[in-house]
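Please read it with the structure open.

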Amino acid sequence: VLESVLLATLAFGLGLLIAVWLRRVLLVYRPPYFAADALALRADFRILGFTVLVSLLATVLFGLAPALEVFRPDLIAELRGRGSAGARGEMRTLLRHGALVLQVWLCTICLVCSGLFLRSLESCRRIDPGFDAPRLLVASFDLRAAGYEGDKVGLFETQLLENVRRLPGVEAAGLADMQVLGGWAWWRQVSPAGPAGAALTVGSSLVSPDYFRATGIPILAGRPFTDRDRRDAARSVIVNETLAQRLWPGGGAVGNFLQMDE
């Protein structure tokens, strides 16, 4: 029993240290649109106490079982190696070996699953997201919640971009109503201009002229937005390659028109 308690205590301390270290790892590898306080990774003392209680109970039970066997030996049957007591001893040996095999099997499965998880995580790190992630800094704010309305919103955004562009090391700055990989702000029905166009449901976002330069998202054809692309001017849109192939198969999006619901 003392040996089991000692091993369980060492394992508990090591597991606690690993849990604290993994918390920092999970925060580092969180998606870019998750804020640091968006994941509740604080230690829950209720779960910790329940784990300690279950661990102590299992430790005492599994440590006490072999101790009870020591205090009630059947020496004559064991020396003769036959009879009902000998059969019971063989059965206990078989059960112990079976439990050992089961433990090794479960540990092997856990190790294999952990290895596959780490391999998948490393593969995800090598995926090209389509933008320059290492050099991109994302900040979020809600102007309406801060009391900005009407023309004050546009004035604040213009001054903000000017101040950010003057910071040392900043190459470009842009605004968008949704973060990169944060989903879509609006879902719209779009179709090629003309009566025979089939409508598609697509996600859309509003971005500022320097958005693509700031994120490093390449424009394969056409031009980026400029200061001329305002609400009172002719509307311009930038679509991804998949939507361009769906709307104009075999052609291109540059120079074509599409219909979009409001």
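**Notes on the sheet and the salt bridges**

1. This is a predicted model. Its open sheet has 3 strands in the order E2-E1-E3, and the pairing is antiparallel. Strand E2 (200-204) and strand E3 (258-260) form the edges, each pairing on one side only. On average, neighbouring strands of this sheet are turned by 40° against each other, direction ignored.

2. Look next at how E1 meets E3. Strand E1 covers residues 186-192 and pairs with E3 in the antiparallel sense, over 3 bridges. Pro-192 has Leu-258 in E3 as its bridge partner. As a reminder, strands of a sheet pair through backbone hydrogen bonds.

3. How many salt bridges are there? The count comes to 2. In general, side chains of opposite charge can pair when their charged atoms come close.

4. Is Glu-171 buried or exposed? Its relative accessibility is 53%, so Glu-171 counts as exposed. Arg-135 is exposed too, with a relative accessible area of 57%.

5. Arg-165 and Asp-210 also meet in a salt bridge, at 3.5 Å from N to O. Arg-165 belongs to helix H5, while Asp-210 lies in the loop between E2 and helix H6 (211-215), so the pair ties together parts 45 residues apart in sequence. Arg-165 counts as partly exposed because its relative accessibility is 36%.

Definitions and conventions:
Residues are numbered from 1 along each chain as its sequence is written. This is a predicted model: local features need pLDDT of at least 70, side-chain atom pairs count only at pLDDT 80 or more; totals for chains, interfaces and linings use all residues. Side-chain values use heavy atoms; hydrogens and water are left out. Two strands pair if DSSP finds at least two bridges between them. Helices (H or I, at least four residues) and strands (E, at least two) are DSSP runs, numbered from the N terminus. Axes are lines fitted to C-alpha atoms, for helices over the stretch in contact, and angles run from 0 to 180 degrees between N-to-C directions. A salt bridge is a side-chain nitrogen of Lys or Arg within 4 Å of a carboxyl oxygen of Asp or Glu. Buried means under 20% relative accessible area, exposed over 50%, partly exposed in between (1.4 Å probe, protein chains only).
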